[in-house]
Amino acid sequence: MLALRNLARTAPRSAARLSSKTVRPQPALLRQTAAFQPSWAQAVPRLTAAFHISAARKQESSGVSDELVAKLQSEISMEQDMKEDEDLSANIKEYLENSAFELEDKEGNQEVVLTRTFNDENIRITFTTADLNSNAQAEDLVEDSAMYDEDVDMETQSGGANTKGSVGKGRTQDGNVRVAPEEHVTPADREELDEEYDDESNAQGFPAHASIRIERPGKGALAIEATAQDGDFLIEDLYYFPSADLADPATAEKDWSRRTLYTGPPFNNLDEDLQILLEKYLEERGINTRLALFIPDYIDHKEQKEYIRWLNNVKTFIE
């Protein structure tokens, strides 16, 4: 869904830019034309009034505004056509109806908050639509890098290696690339390659960062930074703060106090059994596979909703 939406957004823009290019006269040609004009032609006074130029510029500006408004409306219509029939998908609805978390989603804000209580604990999870745009930019960089690597491989291949039937590759001592013909690949290997491609194409969601805060009265707070992807939560860091207001400092003084604290080692440096138990600790509080699947889905839903709102706001401003 994300890839199709990005393609639909970028393709019309590229076509519009190509179609809007016009041939403009070169300044050098204009100067040469003026140099060959007879002297009596230069003495003729100009009869065009200045207000005519102002009127022309005003009309040109108005035309651009109308064209921009029409383009914005076209984008709005396209996004609305891409929306699902219902405001929320079935997966999002099912999760919100059966989860203990309550959703806080303010219009115009890119952050979304989930809150719940567990015994005497107050749990707060924050995620943002900015992760979707960052992921789209990262995918573009990866694609550009892959295209560059492919060009380099084609240039370094020798002899008859540049053939459509080439599959297996291996670099020789002289720097060339040795490519095996396709018929040397066994059927089992082909099936394994096909399965790998299918796994990549069926990958769910995208990496979405989640900031988790667990507070207990009189006992401080745990701050967990994690990434939700493919139905799993990957814990990156886990911090302990003796005071809950240090987990998300609201003042410069609190931020300075936070920086001077020892909050714990990197999560990957912990004992493996300890890592597993901490993950189970989070699962017991509802930070589990269902939530890891919900967060990217809701980010996708909210980003589209906020994008349509942004288009309407810009359109109203220009009209």
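This is a predicted model: local features need pLDDT of at least 70, side-chain atom pairs count only at pLDDT 80 or more; totals for chains, interfaces and linings use all residues.

Trainee: Okay, so is Glu94 buried, exposed or partly exposed?

Mentor: Glu94 has 38% relative accessibility, so Glu94 counts as partly exposed.

Trainee: And what does the side chain of Glu94 meet in a salt bridge?

Mentor: Arg290, at 3.7 Å from N to O. Arg290 sits in helix H10 and Glu94 in helix H5, 196 residues apart, so the pair links distant parts of the chain. Arg290 is partly exposed too, with a relative accessible area of 38%.

Trainee: How many salt bridges are there in the whole structure?

Mentor: A search finds 15. Another one joins the side chains of Arg309 and Glu107, at 3.4 Å from N to O. That pair also links distant parts of the chain: Arg309 is in helix H10, Glu107 in the loop between S1 and S2, 202 residues apart.

Trainee: Is Glu107 buried or exposed?

Mentor: Exposed, with a relative accessible area of 64%. Glu107 and Arg309 also belong to a network of salt bridges, along with Asp105, Lys302, Lys305 and Glu306.

Trainee: What about Glu225 and Arg213?

Mentor: Their side chains meet in a salt bridge at 3.0 Å, N to O. Glu225 lies in strand S7 and Arg213 in strand S6, so the pair ties together parts twelve residues apart in sequence. Both Glu225 and Arg213 are buried.

Trainee: Switching to the nonpolar side. Which residues touch the most other members of the largest core?

Mentor: Ile125, Phe233, Leu291, Phe294 and Ile295, out of 31 residues in that core. Elements giving two or more residues to this core are helices H5 and H10, plus strands S2, S3, S6, S7 and S8. H10 supplies the largest share, six residues.

Trainee: What is Phe294 in contact with, leaving aside its neighbours within four places in sequence?

Mentor: Ile92, Tyr95, Leu96, Leu114 and Phe127. There is another core apart from the largest one. That other core has five residues, among them Ala221, Ala223, Phe241 and Ala247.

Trainee: Leu114 came up there. What is its bridge partner?

Mentor: Leu103 pairs with Leu114 of S2. S1, residues 102–105, runs antiparallel to S2, residues 111–118, and four bridges join them. The hairpin has five residues between the strands, and Gly108 there takes a positive phi near 90 degrees.

Trainee: Thr129 next. Where is its place?

Mentor: In the loop between S3 and helix H6. Thr129 is buried, with a relative accessible area of 8%. Setting aside residues up to four places away in sequence, Thr129 touches Gln110, Ile299, Lys302 and Glu303. Lys302 is one of the residues in the salt-bridge network as well.

Trainee: Last topic: helix H9. How many residues does it have, and how far does it reach?

Mentor: H9 covers residues 272–284, which is 13 residues. From first C-alpha to last, H9 reaches 19 Å, close to the 18 Å expected at 1.5 Å a residue.

Trainee: Which residue caps the N-terminal end of H9?

Mentor: Asp271. A side-chain oxygen of Asp271 lies 2.9 Å from the backbone nitrogen of Asp273.

Trainee: And what follows H9?

Mentor: Gly286, with a positive phi near 90 degrees.

Conventions: Residues are numbered from 1 along each chain as its sequence is written. Side-chain values use heavy atoms; hydrogens and water are left out. The expected span of a helix is 1.5 Å times one less than its number of residues. A polar contact is a pair of N or O atoms within 3.5 Å; within protein, one must be able to donate a hydrogen and the other to accept it, and residues adjacent in sequence count only if both atoms are side-chain atoms. Two strands pair if DSSP finds at least two bridges between them. A nonpolar core is a set of buried Ala, Val, Leu, Ile, Met, Phe, Trp, Tyr and Cys residues joined through side-chain atoms within 4.5 Å. Buried means under 20% relative accessible area, exposed over 50%, partly exposed in between (1.4 Å probe, protein chains only). Contact means heavy atoms within 4.5 Å. A salt bridge is a side-chain nitrogen of Lys or Arg within 4 Å of a carboxyl oxygen of Asp or Glu.
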